[in-house]
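Please keep the sequence and the model in view while reading.

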Amino acid sequence: MSAALPLRDVALPPPPSWWPPAPGWLMLAAVLLLVLGILVFISQRRRRRRQRWLQQFDRELQAAPAAAAELAAIAGLLRRAARLAQPGSEALHDQAWWQRIDPKEQLPEPQRRLLAEGAYRPQVAAGDVAEVRRWARERYLQLLQERRR
């Protein structure tokens, strides 16, 4: 070797930049955004459907002029929701009907009796009807959501 040639160390190339990412990372990000978008779309659709059901429930109860008529409307709405959830359940009577509508027996017995006989009573207390309405609204949603499963 000649002494006139200078010796140099091995030079490494500069480190790769962090931008733009490799195509694999771009595809992964696109898939994640797509999945997130689908989840948001499904949850929004479920929320809108739930709101639409609750508005329908409230609209039908507002049309009832008296408390007894409201109880009859609640019973009708529950029958309709039960029929949609499980066809044929609208034909059930007495204990079988209550087993379908309130399987966990969350509605107290006085309100249950009121709902069963409410349309035939001329005088019904508004407080009792409010409690039945609250329970029926939740159960109505549950029954309608059962049909989706």
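At roughly what angle do the axes of α1 and helix α2 cross, and within what distance do they come? The model is a predicted one, in which local features need pLDDT of at least 70 and side-chain atom pairs count only at pLDDT 80 or more, while totals for chains, interfaces and linings use all residues. Residues are numbered from 1 along each chain as its sequence is written, and side-chain values use heavy atoms, without hydrogens and water.

The axes of α1 and α2 (residues 67-85) cross at roughly 145 degrees and come within 9 Å. Helices here are DSSP runs (H or I, at least four residues), numbered from the N terminus; axes are lines fitted to C-alpha atoms over the stretch in contact, with angles from 0 to 180 degrees between N-to-C directions. On the α1 side, the contact (heavy atoms within 4.5 Å) is made by Gln56, Phe57, Glu60 and Leu61. Glu70, Ala73, Ile74, Leu77 and Arg80 contribute from α2.

Helix α1 spans residues 23-62 and includes phenylalanine 41. Together with Leu34, Ile38 and Ile42, Phe41 forms a nonpolar surface patch with about 380 Å² of accessible area. Such patches consist of residues with over 30% relative accessible area and no salt bridge, nonpolar side chains being joined within 5 Å; areas come from the Shrake-Rupley method with a 1.4 Å probe.

Aspartate 58 forms a salt bridge (Lys or Arg side-chain nitrogen within 4 Å of an Asp or Glu carboxyl oxygen) with arginine 137, the closest N and O atoms lying 2.7 Å apart. This pair links α1 to helix α5 (residues 126-146), its partners being 79 residues apart.

Methods
Patches are made of residues with over 30% relative accessible area and no salt bridge: like charges are joined within 9 Å, nonpolar side chains (Val, Leu, Ile, Met, Phe, Trp, Tyr) within 5 Å. Helices (H or I, at least four residues) and strands (E, at least two) are DSSP runs, numbered from the N terminus.
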